[in-house]
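The sequence and model come first, and the description follows.

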Amino acid sequence: MFDTFEREAFRLETLDDYSKSGNVDAYRTFLARESQPADYNEGWVSELRSHTSKGKRVYRVHVLSRPLTPYLRFELGWGYQKNMMGGEEFFILDTTEQPNPLEGVPDFWLMDETPVVMHYDESGAFADQEVLSEDRAGEFVAYRDTAMAHSVPFPKWWAKHGGE
């Protein structure tokens, strides 16, 4: 579906650890305190550019609380920083000092008006995805709108909390 959306692709992330769902080698490199490879995530950055250069919006909100897990330090410090070069926008909904307005809402993509729920196993490994019918779009648009209303742009959040 990532190749067919026409206007926007929104992602809600709710987990503190996706380390078993991709970029496993890069995560190990990060944990070993080695330098980020120059070509890290370059395939995804190219994919992003192919969409954002056509005026399509790709953006996400990550619901999290501090202190950050090692995985979140990796994802935000390496992944988000790199992916912004492809035009992806990031926002943080920090629940450290506020209630989570999306408690119980699953990870999902909203591809234009089509919700796609992401399923993970107990270890955080990606299990499968479930494409929902467009008659459920209103529910997921409301989740997106709530996430955006309670989040702040990642660069602003990272400047304040990235060193914690």
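## Basis of the model

This is a predicted model, in which local features need pLDDT of at least 70 and side-chain atom pairs count only at pLDDT 80 or more, while totals for chains, interfaces and linings use all residues. Residues are numbered from 1 along each chain as its sequence is written, and side-chain values use heavy atoms, with hydrogens and water left out.

## Aromatic pairs

Rings of Phe, Tyr and Trp (its six-membered ring) pair if their centres lie within 6.5 Å, and planes under 30 degrees apart count as stacked, over 60 as edge-to-face and the rest as tilted. A search of the whole structure finds 24 aromatic pairs. In one of them, the rings of tyrosine 80 and phenylalanine 90 have centres 3.9 Å apart and planes at 20°, so this pair is stacked. Because tyrosine 80 belongs to helix α3 (residues 70-83) and phenylalanine 90 to strand β3 (residues 89-94), the pair ties together parts that are 10 residues apart in sequence; helices (H or I, at least four residues) and strands (E, at least two) are DSSP runs, numbered from the N terminus.

Both tyrosine 80 and phenylalanine 90 are buried, where buried means under 20% relative accessible area, exposed over 50% and partly exposed in between (1.4 Å probe, protein chains only). Tyrosine 120 and phenylalanine 126 form an edge-to-face pair, with 5.8 Å from centre to centre and 75° between the planes, and phenylalanine 126 is partly exposed, with a relative accessible area of 36%.

## Tyrosine 40 and its cluster

Ring pairs link Tyr18, Tyr27, Phe30, Tyr40, Tyr71, Phe74, Trp78, Tyr120 and Phe126 into a cluster. Tyrosine 40 lies in the loop between α1 (24-31) and α2 (42-52), and it counts as buried at 6% relative accessibility. Leaving out residues up to four places away in sequence, tyrosine 40 touches Asn23, Ala26, Phe74, Trp78, Gly79 and Lys82, where contact means heavy atoms within 4.5 Å. The C-alpha atoms of tyrosine 40 and glycine 79 are separated by 8.5 Å, although these residues are 39 residues apart along the chain.
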